[in-house]
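Okay, thanks for making time, everyone. I'd like to walk through one model with you, so let me put it on the screen.

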Amino acid sequence: MRQFAMVMDLNKCLGCQTCTAACKTQWTNRFGREYMYWNNVETQPGQGYPKGYMDYNAGWDEKGNLKKGGLPRIPEDYGIPWEYNYKEVLNGDAKTLKPDSEPSWGANWDEDEGEGEYPNSYFFYLPRICNHCTNPACLAACPNKAIHKRKEDGIVLVDLKRCKGVRDCISACPYKKVYFNPSRKKEEMGIAGQSEKCIFCFPRIEKGLPPACAKQCVGRIRHVGYLDDEDSHVYKMVKKWKVALPLRPDFGTIPNVYYVPPLSPPKFNEKGLPSNASIGGEVTDEPRIPMEFLKKLFGSEVENALKTLKDEMDKKAKGEKSELMDILIAYKHSEMFKI
Ligand code: SF4
Ligand code: SF4
Ligand code: SF4
Ligand code: F3S
């Protein structure tokens with residue numbers, strides 16, 4: 001059994017959502033999937049997408065018991081799409097654009113908010129797809145064995161011939177990366193909807209093409225390949241350099257999407273705070289993004305990963321060679337995608 005994997009370098013993500021648009025136009029702009037973002041890019045710290053997805057107590061506990069979590073509400077926790085009064089503005093009947101409803105939440109409602117007090121405020125972008133986990137909670141939770149993991153590449157798929165819309169897969173996934181499609185009804189079988197999710201663009205991979213979200217990524221942050229291919233960037237970053245880490249390893253599903261964690265500038269001391277602006281700021285040894293927060297997201301290995309990144313960056317800056325920095329610079333698509 002092989003495992004196809006993705007590594008995303010969070011130091012280069014622009015939050016441009018080109019990946020989101022690539023996935024949406026390819027897979028989710030029709031047939032009841034319109035509300036779904038199989039690929040989303042959220043701001044962290046933040047509520048994420050769907051709202052508060054990390055707080056559902058889903059996945060596996062330390063003893064290997066499945067935790068059923070719960071179901072996000074459609075549409076409230078995903079966000080109700082709204083339109084603007086374009087026609088009125090165009091016809092001169094209104095001067096400013098206004099939403100056609102009174103939205104109170106949406107995907108990326110808290111974009112770019114982050115946390116911290118200026119000048120020590122911080123945030124970063126976290127792009128997310130299904131992790132095609134090695135121990136998928138979605139698969140284990142389905143009473144109809146409608147979710148399977150392919151032997152040839154480890155891609156996790158919903159079998160729509162078996163899915164009866166039970167939705168335990170959605171409850172159990174701690175990343176909330178399975179979505180319910182109420183329009184996939186089969187009345188003769190009493191089925192009032194079915195689940196759908198990121199398919200890792202398997203029809204493209206089978207043709208030797210990278211997933212749409214990776215190919216279109218403007219920041220060139222996404223590398224894909226097989227975890228046992230020692231020539232692949234994913235192998236080198238995950239296994240050799242150990243700078244790519246899974247999101248929330250404590251959820252127990254063993255994700256196969258990995259992140260190069262974000263470096264951050266040092267914090268200013270109290271002289272740098274706005275009330276003391278006239279004194280000017282002095283930098284401390286503390287990173288702007290709190291280490292405890294990064295450990296919560298990426299596990300305790302994040303400290304070593306950041307140290308390796310910093311050391312290799314310093315080497316490159318001095319004109320020395322660095323295999324890791326050359327990988328992260330991502331000179332050529334042909335090297336980033338080993339399929
Ligand atoms: Fe299943 Fe969720 Fe893991 Fe995807 S991220 S394989 S949906 S448990
Ligand atoms: Fe969408 Fe394909 Fe990316 Fe999955 S791998 S999020 S299906 S574009
Ligand atoms: Fe980030 Fe790339 Fe998506 Fe832009 S396209 S938001 S750089 S992952
Ligand atoms: Fe199973 Fe989820 Fe369908 S639990 S039946 S795959 S909705």
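Before I start, one definition: when I say contact or packing, I mean heavy atoms within 4.5 Å. Keep in mind that this is a predicted model, so local features need pLDDT of at least 70, side-chain atom pairs count only at pLDDT 80 or more, and totals for chains, interfaces and linings use all residues. Residues are numbered from 1 along each chain as its sequence is written, chains are lettered from A and ligands numbered from 1 in the order in which they are written, and side-chain values use heavy atoms, with hydrogens and water left out.

Let's begin with helix H1, residues 18-28. Helices here are DSSP runs of H or I with at least four residues, strands are E runs of at least two, and both are numbered from the N terminus. Buried means under 20% relative accessible area, exposed means over 50%, and partly exposed is in between, with a 1.4 Å probe and protein chains only. In H1 the buried residues are Cys19, Thr20, Ala22, Cys23, Lys24, Trp27 and Thr28. They pack against strands S2 (40-44) and S10 (222-226), and against helices H5 (202-205) and H6 (212-215).

A residue counts as near a ligand if one of its heavy atoms lies within 4 Å of it. Around ligand 2 you'll find Cys23 and Trp27, and also Cys198, Cys201 and Cys213, among others. What's the split by residue type in that shell? It's 11 nonpolar, 1 polar and no charged. For that count, Ala, Val, Leu, Ile, Met, Phe, Trp, Tyr, Cys and Pro are nonpolar, Asp, Glu, Lys and Arg are charged, and the others, Gly among them, are polar.

Ligand 3 has 14 residues around it, and Cys13, Cys16, Gln17, Cys19 and Cys217 come nearest. That shell divides into 9 nonpolar, 4 polar and 1 charged.

On to ligand 1. Its surroundings include Cys130, Asn131, Cys133, Cys138, Val156 and Cys173, and the shell comes out as 9 nonpolar, 2 polar and 1 charged. Asn131 sits in the loop between strand S5 (124-128) and helix H3 (137-141). Asn131 is buried, at 3% relative accessible area. Beyond its neighbours within four places in sequence, Asn131 touches Tyr175, Pro255, Asn256 and Val257. Cys173 is buried too, at 10%.

Ile147, in strand S6 (residues 147-149), is buried at 6%. Its contacts outside four places in sequence include Cys138, Val156 and Cys169.

Last stop, helix H9. Its 16 residues, 302-317, should span 22 Å at 1.5 Å a residue, and the end C-alpha atoms are 22 Å apart, which agrees; the expected span is 1.5 Å times one less than the number of residues. Val302, Ala305, Leu306, Leu309 and Glu312 are buried. Down the axis of H9 those buried residues fall within an arc of 130°, so they line one face; the arc is that of directions from the helix axis to the C-beta atoms. Turned away from that side are the exposed Asn304 and Lys307. The buried residues of H9 pack against strands S11 (245-246) and S12 (257-260), plus helices H8 (291-298) and H10 (323-329). After H9 comes Gly319, with a positive phi near 90°.
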